[in-house]
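Hello,

Here is the model I promised to pass on to you. Please open it alongside this message, and my notes follow below.

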Amino acid sequence: MDAGAASREGVAICHCLCHSAIRLDARSRSQKPFLAIHGIVKGNTVVNDMSMIVLASLLLSGAFGGVVARITASAEGRLSCLQHMAIGVCASLMVPLFLNTISSTLVSDILKSNEFDLSKLLVLVGFSLVASVSSLRFIRGLSEKFLQELSDTKEKAAAAESKARTALQIVEQSEPGEAEVEEEQSKALLSELSALQKKLLAHMCTGPYTMRSATGLSKELGVSTTESHETLSYLASKGLVESGLNSRNEMRWYPSASGRVVGMTAAGN
């Protein structure tokens, strides 16, 4: 079969595909092909789902690009027209994947648009034609790129996991655990506190109130207000308690994070 015959055969097949699509849509629209096509182009209610328009555009572009690929193919690499069209459609359907790899939002913009945007659809058709005309090279190139990126991702993930395991082993071998550090620090601080200081701090950590006054603590512990103030001031100098104002602008005391650890340790003893 010469190039002219191949061209006529391809055009005939594309014509049949287009005619079948028109008949399919016209069947649901009172057998009015022209009005159906007009409705698609104008974005009316004939075709509400933009995905059908995109899919049809990819299929037709791929088929037409396959015909062009057969016409321009050398005699040695020329396949049958249907084979070229099938490869072209395959390449055309891979265009959304290609656009995704280059971070293009063209397809999603078309699908999410409330109105029919012919300019964006023509850009998509152009991509599909380029892919289908050079279908074999496009499919091989995209497949190799996708597989290479997948392999690189797996290697990076394996390397990151290996580094994380190595770092964890180093930490476990060289540093004590957090609980051990807190226990050692609390024991060291407890050794510096007097019996009253330990008792007051433990009472603040185990009592029913979060913020305490010096007067209230002195009554509950059976000590003078002066002793309570001096004890709280010393604990504050060690960073074990902190002070602040309540809603009535009155001074109140509460254990710090480290003071709570020490206080609970003192209460346990």
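Methionine 264 touches Cys205 and Thr206, where contact means heavy atoms within 4.5 Å and residues up to four places away in sequence are not counted. Methionine 264 belongs to helix H13 (residues 257-268); helices here are DSSP runs of H or I with at least four residues, strands are runs of E with at least two, and both are numbered from the N terminus. With a relative accessible area of 44%, methionine 264 is partly exposed. For that term, buried means under 20% relative accessible area, exposed means over 50%, and partly exposed lies in between, with a 1.4 Å probe and protein chains only. From C-alpha to C-alpha, methionine 264 is 8.5 Å from leucine 201, although 63 residues separate the two in sequence.

Before you go further, please note that this is a predicted model, in which local features need pLDDT of at least 70 and side-chain atom pairs count only at pLDDT 80 or more, while totals for chains, interfaces and linings use all residues. Residues are numbered from 1 along each chain as its sequence is written, and side-chain values use heavy atoms, with hydrogens and water left out.

Now the overall picture. The protein chain has 13 helices and two strands. Of its 269 residues, 29% are buried. Among contacts with a separation of 6 or more, 61% are between residues 24 or more positions apart. The chain exposes about 16800 Å², with carbon and sulfur atoms supplying 58% of that area; accessible areas come from the Shrake-Rupley method with a 1.4 Å probe, and for residues only the protein chains shown count as cover.

Next, a helix pair. Two packed helices are described by the angle between their axes and the distance between the axes. The axes of helix H3 (residues 50-72) and helix H7 (residues 118-133) come within 8 Å and cross at roughly 35°; these axes are lines fitted to C-alpha atoms over the stretch in contact, and angles run from 0 to 180 degrees between N-to-C directions. The crossing of H3 and H7 is right-handed, meaning that the near helix is turned clockwise from the far one by less than a right angle. On the H3 side the contacting residues include Ser57, Ser61, Gly62, Gly65 and Gly66, and on the H7 side they include Leu121, Leu124, Ser128 and Leu129.

Helix H11 (residues 214-221) is worth a look too. Its buried residues are Ala214, Gly216, Leu217, Ser218 and Leu221, and they pack against helix H10 (195-206), helix H12 (225-237) and strand S2 (251-255). After H11 comes glycine 222, with a positive phi near 75°. In H12 you will find threonine 231, which is buried at 6% relative accessibility. Threonine 231 touches Leu196, Gln197 and Leu200, again leaving out residues up to four places away in sequence.

How many salt bridges are there? The count comes to four, taking a salt bridge as a side-chain nitrogen of Lys or Arg within 4 Å of a carboxyl oxygen of Asp or Glu. One of them joins the side chains of lysine 238 and glutamate 192 at 3.2 Å, N to O. Lysine 238 sits in the loop between H12 and S1 and glutamate 192 in helix H9 (residues 178-192), so the pair ties together parts that are 46 residues apart in sequence. Both partners are partly exposed, lysine 238 at 35% and glutamate 192 at 41%.

Glutamate 250 has two partners: arginine 248 at 3.5 Å, N to O, and arginine 252, with the closest N and O atoms 2.8 Å apart. Arginine 248 is exposed at 58%, glutamate 250 is partly exposed at 29%, and arginine 252 is buried at 17%. These shared partners join Arg248, Glu250 and Arg252 into one network.

Asparagine 249 lies in the loop between strand S1 (241-245) and S2. Its phi is positive, near 65°, in a residue other than glycine, and asparagine 249 is exposed at 56% relative accessibility. Serine 103, in the loop between helix H5 (95-101) and helix H6 (106-112), likewise has a positive phi, near 60°.

Happy browsing, and do write back with any questions.

Best wishes
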